[in-house]
Amino acid sequence: MKAVRFHEFGGADVLKLEDVEEPTPGPGEVTIDIAACALNHFDVDIREGISRFPVEPPFTLGIEVVGRISAVGEGVEGWQIGDRVMPFLMSHCGECRFCLTGRESLCLAPGFISFTTTGGYAEKLACPASHLIRVPEDLSDDAAAALQIAFGTAWHMLFTRGGLRAGETVLINSVGSGIGSAAVQLAHIAGATVIGTASTDEKLARASELGMDHGINHQTQDVVQEVMRLTDDRGADLAYEHVGGELFQKALDSLGKDGRLVTCGAHSGEVVPFDIIPFFRTQKSIIGSFVYTRDEVGKVLELARQGKITPLVHKTFPLSEAAEAMQTMERREHFGKLVLKP
């Protein structure tokens, strides 16, 4: 089969389309014929060797996949050839106190911080059957591939960790990204007032179509001043932060007293200065958020099936253009997700 692999860490030029052996399912596994695979910034971290996960070349990227089961391994029950599925993102033991209470991303098993499967930049992959999620037929392949990480992460950040409530004001950084545009939609249907930031007016216009109430161009406007002006100096109740660097501090400064900042990423700067005094005097909170749960994926799949949310696909690429797709993502030229199709 065809697969896009890299044999050394580096830029997009290290990606090579190669012929590799087709995977066969082991006990408890299935093989999936891949219909679509969404790109994520985490793919860039893995390719560059800075993900802080154990990765050894040669390696096939791709963690967000949708497809159909084409082979079933020994001992697999409840799944059959032709079923439309996506693998749940994270590996988990299913037995520790966090797994048993629906918090799989905090699994205590040794080595749990790993992915159920990688290898989505290919025509097929093998995956543990225990981690499969059924995909409604109502969704297109592109939409289904673009949904899990963007909307699962956004749900977990906004509601499970951030505690967003109807009537509150939420500041969402980088609304043109996959998880940013997903957060705009979810916050809007939840009854919040949505303020968003982006680097271009075009991205802000697109986000307005999704339910964003106010947009701020962080390249030409002062984010904190604009948030305070829009809220009559009350500040935001919740800041949704996944960028890091300067925007992390701007989001924190845009909060009102007793405000909450929830964060899940830092591609623009992982280490930031932090002034403790105004932070505790205004009783603000910084909340970490790590991926999402299977139950949350089920919720957003159902919302998408009902047409209440729309996974956004900026552009699809063939496997042979995987390097160009990644470069497009790294240049931040997209609004929504980029998808590879075999």
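Let me start with a definition: buried means under 20% relative accessible area, exposed means over 50%, and partly exposed is in between, with a 1.4 Å probe and protein chains only. Hi everyone, what we have here is a predicted model, where local features need pLDDT of at least 70, side-chain atom pairs count only at pLDDT 80 or more, and totals for chains, interfaces and linings use all residues. Residues are numbered from 1 along each chain as its sequence is written, and side-chain values use heavy atoms, with hydrogens and water left out.

With that definition in hand, have a look at glutamine 283. It is exposed, at a relative accessible area of 53%. You will find glutamine 283 in the loop between α8 (276-281) and β14 (285-288). Those labels are DSSP runs numbered from the N terminus: helices are H or I with at least four residues, strands are E with at least two. Serine 174 is not a glycine either, and has a positive phi of about 55°; serine 174 sits in the loop between β9 (169-172) and α4.

One more backbone feature: proline 57 and proline 58 are joined by a cis peptide bond, with omega about -5°. Proline 58 belongs to the loop between α1 (41-48) and β4.

Now to helix α9, residues 294-305. Its twelve residues reach 16 Å from the first C-alpha to the last, close to the 16 Å expected at 1.5 Å a residue; the expected span is 1.5 Å times one less than the number of residues. Which residues of α9 are buried? They are Glu296, Val297, Val300, Leu301, Leu303 and Ala304. These cover an arc of only 160° around the axis, so they are on the same side of α9. The arc here is that of the directions from the helix axis to the C-beta atoms. And what covers them? The cover includes β6 (84-87), β8 (132-134), α3 (148-161) and α4 (178-189). After α9 comes glycine 307, with a positive phi near 80°.

Let's follow β6, as part of that cover. Arg84 and Met86 point one way from β6, Val85 and Pro87 point the other way, and all are buried. On pairing, the rule is that DSSP finds at least two bridges between two strands. β6 pairs with β5 (residues 64-72) in the antiparallel sense over two bridges, and valine 85 is the bridge partner of glycine 67. β6 and β8 also run antiparallel, joined by three bridges, with methionine 86 opposite isoleucine 133 in β8.

Elsewhere there is an open sheet of three strands, in the order β2-β1-β4, with antiparallel pairing. Its edge strands are β2 (15-19) and β4 (59-60), each pairing on one side only. β1 (residues 2-6) and β2 share five bridges, and alanine 3 has glutamate 18 in β2 as its bridge partner.

Last stop, arginine 260, in strand β13 (residues 255-263). Is this arginine 260 buried or exposed? Buried, with a relative accessible area of 13%. Its side chain makes a polar contact with the side chain of glutamate 168 at 3.0 Å. A polar contact is a pair of N or O atoms within 3.5 Å; within protein, one must be able to donate a hydrogen and the other to accept it, and residues adjacent in sequence count only if both atoms are side-chain atoms. Leaving aside neighbours within four places in sequence, arginine 260 is in contact (heavy atoms within 4.5 Å) with residues including Gly162, Leu164, Asp237 and Ile287.
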